[in-house]
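Open the model in your viewer and keep the selection tool ready.

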Amino acid sequence: MSTTPFHTTSLTSSSTLLQNRRAQFTLRSVCPISSFTSHRSFTQIRASYTDFSASPNTGGRTELDALTQYSEVVPDTVVFDDFERFPPTAATVSSSLLLGICSLPDTAFKGSVDTALADKECYGLETPDARMTCFVNKALVNVGGELSKLVPGRVSTEVDARLAYDTHAIIGKVEKLLQLYNSIDVPAERLLFKIPATWQGIEAARLLESEGIQTHMTFVYSFCQAAAAAQAGASVIQIFVGRLRDWARNHSGDPEIDAALKRGEDPGLALVTKAYNYIHKYGHKSKLMVASIRNKQDVFNVLGVDYIITPLKILQALKESVTPDDDKYTFVKRLSSQSAAAYNFTDEELVKWDQLSFASGMGPAALELLASGMDGHSNQAKRVEELFGKIWPPPNV
């Protein structure tokens, strides 16, 4: 089993960093969450129809129409595909997106990468590492800026997973990216920053959110991660249902997962239910996102959650499934303020999470899946740097 140790990071310098850098960019008021995306290979988009006040009776509409009464359905697709079927309203920019852009030289975003690699500020830096960091930051922001012109919602920018255990470094990276976005007139309310849900990442989110900078915690596989992120005020918390289920099929010994299985519950869906109820019962502002959906039943089982990232194959099946007008079938909203109010938490689950209790609460599944997810993102970041090193400086710029 792969695990990653939890290191102690001083927060004093991070707090000072936030205060000192506030003058470098202008923060506008943070808008309520209206559209969002999540990571897969490139950008994600959401379904355009959402009506939370509609009746549960599906009538002659499709299953997708009925589902969007309760949750915002987020199609899991790439930026280069399906624009006609699923017009994008929000986007994610990440290392994997940069790799995809560079592998498709005819894409409209290739110029954004080339411009970043020809940036005079980066070129003038003394060390190769400093130049490469500058190139990558510029490329992420240039592409993110172009995406912000194409979508009405927010652009999410991935924070380098190699910084996940350094609160100070995460804050520095986010503020540098935000400064670059501000220089091309992309306001803060159009942006989110995706941070791995380590303890240090959650502490970075706490400080960033206090400054009005919206964060999205990813790689959440345990209740302690979800609860600590909610206490930190993270704007979005993402749970991967299918990955937890896969782990449970091949492993044992995780108390949280074993308890769910003993109750006859799917461990991923059980975590979503507990996290949703915790957020809503205790008045946290966070929105909950469910990813790694494997089938239509997964979608039905989390109705009421804020966002459901749905693979295109499943989304198309929902879109093609029509309920006849005389059919009595209705969808059940499984997550609601009423279900949250009725949910009982143990004293151990209602603690004010600190680094020690957080480390104790991270079971084998969360430790392994968090480390695996960060390894994957770190490898993608390294591939981007290797690629940029080969093609810099770009031709014809």
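Start with everything selected. This is a predicted model. Of the 397 residues in the protein, 57% are buried. Colour by secondary structure next: the protein comes to 17 helices and 8 strands.

Now show contacts. Take those between residues at least 6 apart in sequence: 76% of them join residues at least 24 apart.

**Stop one: helix α3**

Select residues 95-103, which form helix α3. Buried means under 20% relative accessible area. By that cut-off, 8 of the 9 residues of α3 are buried, so the helix is largely enclosed by the rest of the structure. Pick them out: Ser95, Ser96, Leu97, Leu98, Leu99, Gly100, Ile101 and Cys102.

What covers these buried residues? Keep α17 displayed for the next stop.

**Stop two: the largest pocket**

Select Phe223, Pro255, Glu256, Lys274 and Glu349. Of the 28 residues that line the largest pocket, these lie nearest its centre. Several elements each give two or more residues to the lining: α9 (223-232), α11 (255-262), α12 (267-281), α16 (355-361) and α17. The pocket's volume is about 430 Å³.

Finish by colouring the lining by residue type. It divides into 16 nonpolar, 5 polar and 7 charged residues.

Definitions and conventions: Residues numbered from 1 in each chain as written. Predicted model: local features only at pLDDT ≥ 70, side-chain atom pairs only at ≥ 80, totals over all residues. Heavy atoms only, no water. Buried < 20%, exposed > 50% of the residue type's maximum accessible area, 1.4 Å probe, protein only. Helix = DSSP H or I, 4+ residues; strand = E, 2+ residues; numbered from the N terminus. Contact = heavy atoms within 4.5 Å. 1 Å grid on protein atoms, 1.4 Å probe; cavity = no way out; pocket = protein on both sides within 12 Å on 5 of 7 lines; lining within 4 Å. Points joined across faces, edges and corners; volume = space filled by probe spheres on them. Nonpolar A, V, L, I, M, F, W, Y, C, P; charged D, E, K, R; others polar.
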